[in-house]
Amino acid sequence: VDEGAIEEVAVPLGGGLEPSQEVGELLHGEGDDLGTEAIPPPALLALAWKWNPAFPANLPVATLLTWLVLPAYLLLVRAFLKQYGFSSTELTVVCLIAGLNPFCALLSFSLMPELLFTSLLLLSLVLAERCTSWSGMGLSGIVAGLSYLTRAAAMPLLLTVPLVLVFRKKYKSAIIFTIAMLPAIAGWQLWTWHHLSPSHDL
């Protein structure tokens, strides 16, 4: 993304960013559907603009915030695999491979949502697997909703997690997870429907 494109989206409004199609193109790539994901990444970048509204001087802070997701991602990869019986040696090797992966390294300093999305998805699955209380299952559903708001690829969690819980005869946990995740999906779909452009491509 060139500086001209970034300048179009870096419009400080009360220390934040103006949500726009250009923001979606900066974070997801040109041509992506902004109506399926977008909230957490701009919210993260808004912290950089709150810290320093001057562009491009605030880009190092934005890059640092993006990079800080990488350690959380690696810890969550370890936690996710550990619950399936991986040994300490296996966990170390897999985490090294994940951390040194060129694509992971690229995403760790790019203003893109993939690492944040994967981290939120893993956190939701870890919570769903470990938590036995209703509050813990509700938290898992909320995190799953946040992962959906980051990328729509998290939508299958609304079906797969409750389905696994039903197979384990944890019916109340399945209901709580569904109720906790639904507001993020329904709210975002209502927002995009309300702000849908009346124009149509020819």
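Trainee: How many residues does the largest nonpolar core have, and which have the most contacts inside it?

Mentor: The largest nonpolar core has 18 residues, and Met137, Tyr148, Leu157, Val161, Phe177 and Met181 have the most contacts inside it. A nonpolar core is a set of buried Ala, Val, Leu, Ile, Met, Phe, Trp, Tyr and Cys residues joined through side-chain atoms within 4.5 Å. Buried means under 20% relative accessible area, exposed means over 50%, and partly exposed lies in between (1.4 Å probe, protein chains only).

Trainee: Which elements give two or more residues to this core?

Mentor: They are α8 (114-130), α9 (134-150), α10 and α11. The top contributor is α11, with seven residues. A second, separate core has 17 residues, among them Leu81, Cys95, Ala98 and Leu120.

Trainee: What should I know about the model before going on?

Mentor: This is a predicted model: local features need pLDDT of at least 70, side-chain atom pairs count only at pLDDT 80 or more, and totals for chains, interfaces and linings use all residues. Residues are numbered from 1 along each chain as its sequence is written, and side-chain values use heavy atoms, with hydrogens and water left out.

Trainee: Where is confidence lowest, and where is it highest?

Mentor: Confidence here is pLDDT, the predictor's score for each residue, from 0 to 100. The protein averages 78, and 76% of the residues score at least 70. Strand β1 (residues 12-13) is lowest, at a mean of 35, while α10 is highest, at 94. Over residues 1-36 the pLDDT stays under 50. Where pLDDT is low, the predicted coordinates should not be read in detail.

Trainee: How many helices and strands does the protein have?

Mentor: Helices (H or I, at least four residues) and strands (E, at least two) are DSSP runs, numbered from the N terminus. This protein has eleven helices and two strands. Along the sequence the pattern reads α-β-β-α-α-α-α-α-α-α-α-α-α. Of its 202 residues, 40% count as buried.

Trainee: Which residues of α10 are buried, and which are exposed?

Mentor: Start with the general idea. An α-helix has 3.6 residues a turn, so residues three or four places apart point the same way. In α10, Leu157, Val161, Pro162 and Leu165 are buried. They cover an arc of only 105° around the axis, which puts them on the same side of α10. The arc is that of the directions from the helix axis to the C-beta atoms. On the other side of α10, Leu159 and Phe167 are exposed. The cover over the buried residues of α10 includes α8, α9 and α11.

Trainee: With which residues is Leu157 in contact?

Mentor: Contact means heavy atoms within 4.5 Å. Setting aside neighbours within four places in sequence, Leu157 touches Leu121, Ser124, Leu125, Ala144, Ser147, Pro162, Phe177 and Met181.

Trainee: Is Val164 buried, exposed or partly exposed?

Mentor: Val164 is also found in helix α10. Val164 counts as partly exposed because its relative accessibility is 39%. Val164 and Ala174 are ten residues apart in sequence, and their C-alpha atoms are 8.3 Å apart in space.

Trainee: How far apart are the end C-alpha atoms of helix α6?

Mentor: The expected span of a helix is 1.5 Å times one less than its number of residues. Helix α6 (residues 88-100) has 13 residues and should span 18 Å; its end C-alpha atoms are 18 Å apart, which agrees. Leu91, Cys95, Ala98 and Gly99 of α6 are buried. Seen down the axis, these buried residues of α6 fall within an arc of 90°, so they line one face of the helix. Thr89, Leu96, Ile97 and Leu100 are exposed on the other side. The buried residues of α6 have cover that includes α5 (69-82) and α7 (102-108).

Trainee: Is Ser108 buried or exposed?

Mentor: Ser108 sits in helix α7. Ser108 is buried because its relative accessible area is 4%. Beyond its neighbours within four places in sequence, Ser108 is in contact with Thr63, Thr66, Trp67, Leu70 and Leu115.

Trainee: What is the phi of Lys169?

Mentor: Most residues other than glycine have a negative phi, and most peptide bonds are trans. Lys169 has a positive phi of about 65° although it is not a glycine. Lys169 lies in the loop between α10 (157-167) and α11 (171-194). Lys169 is exposed, at a relative accessible area of 64%.
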